[in-house]
Amino acid sequence: MPEPVESEQPVAENTRRIEASVVTDFSDRMSYGGYLDLSTLLSAQRPISRPEHHDELLFIVQHQTTELWLKLVLHELETACELLRDDQLAPALKCIARVKHIQKTLTEQWSVLATLTPTEYAQFRGVLGNASGFQSYQYRAVEFMLGNKDKRMLSIFDDDPGAKELLVTALEAPSVYDEFLRYLHRRGYAIPETVLDRDVTQPYRMDDGLVDVFAGVYADPAEHWGVYETCEELVDIEDNFQMWRFRHLQVVTRTIGHKTGTGGSTGVDFLRRALDLTFFPELYAVRTRIGG
């Protein structure tokens, strides 16, 4: 019977040996904390309730991490648009796939905020004043990049020139869907001129002629595989977005009921109406045609 081989890193007394090659002197090297600027990042959580309420840190971290993920979503969507403009569909799909995973993380983290009970939240909600997630300019920019344009939102950011500039850029640029449809036009698909020439600063509206185009794609997926796959990826994006909206609605409902939102909205009723918004209407309308 072979002798047991001693582990190269034996664990003794519930500790492990630190290898000699592990770098421990960062006096002149880049460290983990330095690279991530953790001193800045971890000092950005500043509860303002007095005395400080235990659960306010949860509330801040939840929303700050959401903003970090939204920053990455914007980064990926911007790149996807650039790639589509350059007729590089496959790498654009990689960006879209990453957005889908980020969306799932954003939706799942609502369960953490849901541990905040109505009683706990009521004890520090007053310090928020009129601060509200409705005022998230990155969230609004994501909506714009997916096609839900609304010029009225710009005035909310009159006192924040940087945020307003980002939103104006997103408002005036073609959405991901616009870029996809222009890509299809360049590939010979009969995209209606009304779609190609539309004012991209306006909310997207469904075009029946475009439903006809997608009906042809779905009738023969093998012939149009890349386009077919992209259509389904975009549907995934919208499904995930709706799941995020729904979880938001449910968490708000269980936390404040039907109270008015801190930003002045009707709260739950206002959030519920967002579920009727759509990004890619033709990709849902075509499903009625399939197999009919």
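Hi everyone. Let me begin with a term: a pocket here is an open set of grid points, on a 1 Å grid over the protein atoms alone, with protein on both sides within 12 Å along at least five of seven lines. Its volume is the space filled by probe spheres set on those points. Please keep in mind that we are looking at a predicted model.

With that in hand, let's look at the second largest pocket. Its volume is about 370 Å³. Which residues line the second largest pocket? They are L36, D37, T40, L41, L42, A44, Q45, V61, Q64, T65, E67 and L68. Two elements, helix 2 (38–41) and helix 3, each give two or more residues to that lining. Helix 3 makes the largest contribution, with 5 residues. Sorted by class, the lining has 6 nonpolar, 4 polar and 2 charged residues.

Now follow helix 3, residues 56–85, to one of its partners. It packs with helix 7, residues 137–146, at an angle of about 25°, and the two axes are 9 Å apart. Angles under 35 degrees count as roughly parallel, so helix 3 and helix 7 are roughly parallel to each other. Their crossing is left-handed. And who touches whom? From helix 3 we have E67, L70, K71, V73, L74, L77, E78 and C81, and they meet Q138, Y139, A141, V142, M145 and L146 of helix 7. The residues of this contact divide into 10 nonpolar, 1 polar and 3 charged.

Next, the inside. How many cavities of 30 Å³ or more does the count give? The count comes to 1. About 110 Å³ of space lies in the largest cavity. Its lining is made of L70, V73, V99, Q103, L106, Y139, V142, N240, F241 and W244. Four helices each supply at least two residues of the lining: helix 3, helix 4 (89–108), helix 7 and helix 12 (225–256). By class, the lining has 8 nonpolar residues, 2 polar ones and no charged ones.

That brings us to helix 12, and I'd like to show you two of its contacts. In one, helix 4 and helix 12 pack at about 20°, with their axes 9 Å apart. These two helices are therefore roughly parallel to each other, and their crossing is left-handed. The contact of helix 4 with helix 12 has 12 nonpolar, 5 polar and 6 charged residues.

In the other, helix 12 meets helix 9, residues 176–186. Their axes come within 12 Å and cross at roughly 170°. Angles over 145 degrees count as roughly antiparallel, so that is how helix 9 and helix 12 run. The contact is made by V176, Y177, F180 and L184 of helix 9, together with V227, T230, C231 and L234 of helix 12. By class, the contact has 7 nonpolar residues, 1 polar and no charged.

Last, two backbone details. Most residues other than glycine have a negative phi, and most peptide bonds are trans. Here, N14 has a positive phi of about 60° although it is not a glycine. N14 sits in the loop between strand 1 (11–12) and strand 2 (15–16). The peptide bond from R50 to P51 is cis, with omega near 0°, and P51 lies in the loop between helix 2 and helix 3.

Technical notes:
Residues numbered from 1 in each chain as written. Predicted model: local features only at pLDDT ≥ 70, side-chain atom pairs only at ≥ 80, totals over all residues. Heavy atoms only, no water. Axes fitted to C-alpha atoms, helices over the stretch in contact; angles between N-to-C directions. Parallel < 35°, antiparallel > 145°, perpendicular 65-115°, else oblique. Left-handed = near helix turned anticlockwise from the far one by under 90°. Contact = heavy atoms within 4.5 Å. Nonpolar A, V, L, I, M, F, W, Y, C, P; charged D, E, K, R; others polar. 1 Å grid on protein atoms, 1.4 Å probe; cavity = no way out; pocket = protein on both sides within 12 Å on 5 of 7 lines; lining within 4 Å.
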